[in-house]
Amino acid sequence: MALTLHVETARWRAHQQTVVQQFPGIVPVCKGNGYGFGHERLADEAARFGSDILAVGTTYEAARIKDFFSGDLLVLTPFRLGEEPVPLPDRAIRSVSSVEGVRGLVGARVVIEVMSSMKRHGISEEDLSKLSAAIEDVRLEGFAIHLPLDRTDGSDAVQEVADWMNRLRNAGLPLRTMFVSHLKSEELARLQQQFPHTRFRARIGTRLWLGDHGATHYTGAVLDVTPVSKGDRFGYRQQKVGGDGHLVVVAGGTSHGVGLEAPKALHGMMPRAKGVARAGLATMNRNQSPFYWDNKQLWFAEPPHMQVSILFVPDDARTPQVGDELKAQLRHTTTTFDRIVDK
């Protein structure tokens with residue numbers, strides 16, 4: 001009895017191939033929890049479609065994944081002076097976002113990140129004059145720019161990259177390879193046409209692994225079903241049941257990521273109104289679960305436990321049975337499954 005990730009494997013891989021064909025030289029990204037699939041599975045998938053490189057989030061992830069992938073490993077988190085050393089093979093490539101960082105990686109393979117409109121990290125235009133000497137002591141694999149997902153000011157992603165390309169070129173820096181993120185295939189094609197002597201490589205994770213939402217889904221197995229009447233007390237906190245029905249114990253709790261939610265950026269009045277409504281219900285211990293039965297979203301009877309959740313099914317609904325599977329809408333990047341089933 002488990003929280004299960006179901007994968008329609010042929011469909012999932014067909015989507016991968018579509019993305020790979022749209023982005024020649026793609027750099028597949030496998031970071032965090034491996035987008036819900038795990039590092040080992042995604043490393044195998046990247047090798048399957050012939051990638052020579054895999055991007056990971058941290059040096060710790062690179063150390064774990066190096067035994068599952070034989071190609072280059074691009075570490076996306078920038079090197080920082082004084083960081084804990086992690087033994088990595090020579091095929092590991094470090095991102096770096098400062099001149100001091102470049103100077104601290106003598107002999108290493110590096111990709112230098114430039115400061116984009118994300119304003120997260122990167123080399124500034126003012127520091128470009130210092131790079132020429134610094135890169136003499138490293139093996140420069142290229143430059144990189146990490147772009148925002150949304151452009152609410154109407155700016156052009158291609159123009160932002162092109163502006164940086166011109167700055168690098170004017171500074172006399174080599175432009176053999178540029179790693180980019182969050183560009184459309186047609187935008188990448190425009191850049192390649194504009195800078196034919198530079199190889200553009202798109203770092204892609206979400207679109208590659210999660211772009212076909214219908215190729216995967218989660219289910220939680222029903223472990224127990226208990227009839228209750230209005231006013232009955234239950235659970236750790238001995239709350240009262242609000243009505244007649246059944247308490248349904250389902251696989252999937254906080255250790256899986258169930259009930260954990262990352263903050264969201266809300267745009268427009270309707271999403272904000274819904275957020276206020278949900279917050280109001282939560283103050284009364286009314287929280288919707290991610291589990292569905294007969295196409296209806298169920299409520300948590302109480303906050304989820306470590307490995308299971310207790311749900312309330314009202315008396316006027318069909319009662320689940322032990323062994324039934326409840327569909328769950330879960331965020332792949334925050335979910336850890338018990339098992340994966342390929343179909």
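This is a predicted model: local features need pLDDT of at least 70, side-chain atom pairs count only at pLDDT 80 or more; totals for chains, interfaces and linings use all residues.
Reader: What should I know before I start?

Author: Residues are numbered from 1 along each chain as its sequence is written.

Reader: In what order do the strands of the open sheet run?

Author: Two strands pair if DSSP finds at least two bridges between them. Here eight strands form an open sheet in the order 2-9-8-7-6-5-4-3, with parallel pairing. Strand 2 (27-28) and strand 3 (53-56) are the edges, each pairing on one side only. For a close look, take strand 8 (residues 177-181) and strand 9 (residues 199-204): five bridges join them in the parallel sense, and Val-180 stands opposite Ala-202.

Reader: Which strands does helix 6 lie across?

Author: Axes are lines fitted to C-alpha atoms, for helices over the stretch in contact, and angles run from 0 to 180 degrees between N-to-C directions. Helix 6 (residues 157-170) lies across strand 6 (109-114), strand 7 (139-146), strand 8 and strand 9, and runs at about 145° to strand 7.

Reader: How do I describe two helices that pack together, such as helix 6 and helix 7?

Author: Start with the angle: under 35 degrees counts as roughly parallel, over 145 as roughly antiparallel, 65 to 115 as roughly perpendicular, and the rest as oblique. Helix 6 and helix 7 (residues 185-194) pack at about 30°, with their axes 10 Å apart, which makes helix 6 roughly parallel to helix 7. Next, look for contact, meaning heavy atoms within 4.5 Å. Ala-157, Val-158, Val-161 and Ala-162 in helix 6 meet Glu-187, Arg-190, Leu-191 and Gln-194 in helix 7. By class, that contact has five nonpolar, one polar and two charged residues; Ala, Val, Leu, Ile, Met, Phe, Trp, Tyr, Cys and Pro count as nonpolar, Asp, Glu, Lys and Arg as charged, and the others, Gly among them, as polar.

Reader: At what angle do helix 1 and helix 2 cross?

Author: The axes of helix 1 (residues 9-22) and helix 2 (residues 39-48) come within 11 Å and cross at roughly 60°. Helix 1 and helix 2 are therefore oblique to each other. Thr-9, Trp-12, Arg-13 and Gln-16 in helix 1 meet Arg-41, Leu-42, Glu-45 and Arg-48 in helix 2. This contact of helix 1 with helix 2 has two nonpolar, two polar and four charged residues.

Reader: Which strands run antiparallel to strand 10?

Author: Among them are strand 1 (residues 3-7), joined to strand 10 (residues 216-228) over five bridges, and strand 13 (residues 245-251), joined by six. Val-7 stands opposite Thr-216, and Thr-226 faces Leu-247 in strand 13. Strand 17 (residues 325-328) also runs antiparallel to strand 10, with four bridges.

Notes
Side-chain values use heavy atoms; hydrogens and water are left out.
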